[in-house]
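Have the structure open in your viewer as you read.

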Amino acid sequence: MDFKDIIQDIYKNVKAMEDCGALPTYIPDLAEVDPNKFGVHITTMDCQNYGVGDCYQKFSIQSIAKVLSLILAYKLLGAKIWERVDVEPSGNAFNSLLQLEVEKGIPRNPFINAGALVIADILLSELEHPKAEFLAFVRDISNNENINYSSQIAASEKEVGFRNIALCNFIKSLGNIKNNPADVLDLYFDICSLEMHCKDLSELFLFLANNGKKITDKTPILTETQSKRINALMQTCGFYDESGEFAFRVGLTGKSGVGGGIIAIYPDKYAIAVWSPKLNKKGNSYKGMKFLEEFTSVTNLSIF
Ligand code: DON
């Protein structure tokens, strides 16, 4: 299939549409991003690479990084990780505190903020230099030394991260954070501040379309079973209380971030990254979802 023409056409249509989303204001530096940015990049298992628009401009991947921190923690602890975090969709906003008390500090899944904080806690316990080792892990998966944290975005979020501070302290009080909450939050904010562009993202995540193995030299990042489980979690929980809607409209497994990025994967076929900063009410990129919905409808290349 010639993705170039298809992507160009859909890009043009979606770019011309009215954007009904809004920039996130709760992280001051994200509220300053140019709202008209729009980039797309696809990387396929048969080595096609195509991008359009602002696909080479780096942005803050935010919650998309939660997939990578989960993968590293899963590699370190194996199935024991599920004693600390569940695998059910929450049906609630990504930063909700609601379920934690009744569920005794076990977050519903690793992609809501509560779950990602527990994952950051695991990384702090298991790694000697968590911040450096996590970055090295991400760079290694993609053979890309140009991926970095943004200390500016991390500081911007930290300054006003009262909700995450509350979440982390609450989980600590319920016994499911083992380290000092301030250290867990620092690592969490750094992880969320990772920056990359759509091409980096689609190349990085292609291993999840390849049963957990690197494309270049087939080194396993995850076992096939682990890779299946990560894809399943992205499918059921990757878009928070809009995960059902994403499956319904797009039909791919994926993950979004409040930086306006979405990575979506069709196992055995491709990984596609979209970036458009304005978000819908559930915190997912408005035009990113539109683009992917049209893309899978036109190509007929979706899981469902
Ligand atoms: O903790 C936060 O609120 C952000 N650093 C990440 C949230 C996020 O990306 C949710 N995604 N749609």
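Start with Phe59, which counts as buried at 4% relative accessibility; here buried means under 20% relative accessible area, exposed means over 50%, and partly exposed is in between, with a 1.4 Å probe and protein chains only. Before going on, a word on the source: this is a predicted model, where local features need pLDDT of at least 70 and side-chain atom pairs count only at pLDDT 80 or more, while totals for chains, interfaces and linings use all residues. Residues are numbered from 1 along each chain as its sequence is written, and side-chain values use heavy atoms, with hydrogens and water left out.

Phe59 sits in strand β3 (residues 59–60) and Trp275 in strand β7 (residues 270–275), so that the pair links parts of the chain 216 residues apart. Helices (H or I, at least four residues) and strands (E, at least two) are DSSP runs, numbered from the N terminus.

From β7, step across to its neighbour, strand β6. Six bridges join β6 to β7, and the two run antiparallel; strands pair if DSSP finds at least two bridges between them. Tyr266 stands opposite Tyr270 in β7. The two strands make a hairpin with three residues between them, in which Asp268 takes a positive phi near 75°.

How enclosed is β6 by the rest of the structure? Six of its six residues are buried, so β6 is largely enclosed. One side carries Gly261, Ile263 and Ile265, and the other carries Ile262, Ala264 and Tyr266.

On to strand β5 (residues 253–256), which is joined to β6 (residues 261–266) by four bridges, again in antiparallel fashion. Four residues lie between β5 and β6 in their hairpin, and Gly260 in the turn has a positive phi of about 95°. Thr253 and Lys255 point one way from β5, Gly254 and Ser256 point the other way, and all are buried.

Now back to the rings. By the pairing rule, the count comes to 13 aromatic pairs. One of them joins Phe3 and Phe295, a tilted pair at 5.8 Å centre to centre with 35° between the planes. Phe3 belongs to helix α1 (residues 3–16) and Phe295 to helix α11 (residues 286–299), so this pair ties together parts that are 292 residues apart in sequence. Both Phe3 and Phe295 are buried. Ring pairs also link Phe3, Tyr11, Phe38, Tyr266, Tyr270, Phe291 and Phe295 into a cluster. Over the face of Tyr266 lies Lys269, at 5.2 Å from the ring centre; a charge counts as sitting over a ring if NZ of Lys or CZ of Arg is within 6 Å of the ring centre and within 35 degrees of the ring normal.

Helix α1 also holds Val14, which is buried with a relative accessible area of 0%. The C-alpha atoms of Val14 and Leu292 are separated by 10.0 Å, though the two residues are 278 apart along the chain.

How many cavities of 30 Å³ or more does a search of the whole structure find? The search finds two. On a 1 Å grid over the protein atoms alone, a cavity is a set of points where a 1.4 Å probe fits but cannot get out, and lining residues have an atom within 4 Å of a point. The largest cavity has a volume of about 80 Å³, a volume being the space filled by probe spheres set on the points, which are joined across faces, edges and corners. Of its 15 lining residues, Ser96, Gln99, Leu100, Ile112 and Ala114 are the closest to its centre.

Terms used
On a 1 Å grid over the protein atoms alone, a cavity is a set of points where a 1.4 Å probe fits but cannot get out, and a pocket is an open set with protein on both sides within 12 Å along at least five of seven lines; lining residues have an atom within 4 Å of a point. Rings of Phe, Tyr and Trp (its six-membered ring) pair if their centres lie within 6.5 Å; planes under 30 degrees apart count as stacked, over 60 as edge-to-face and the rest as tilted.
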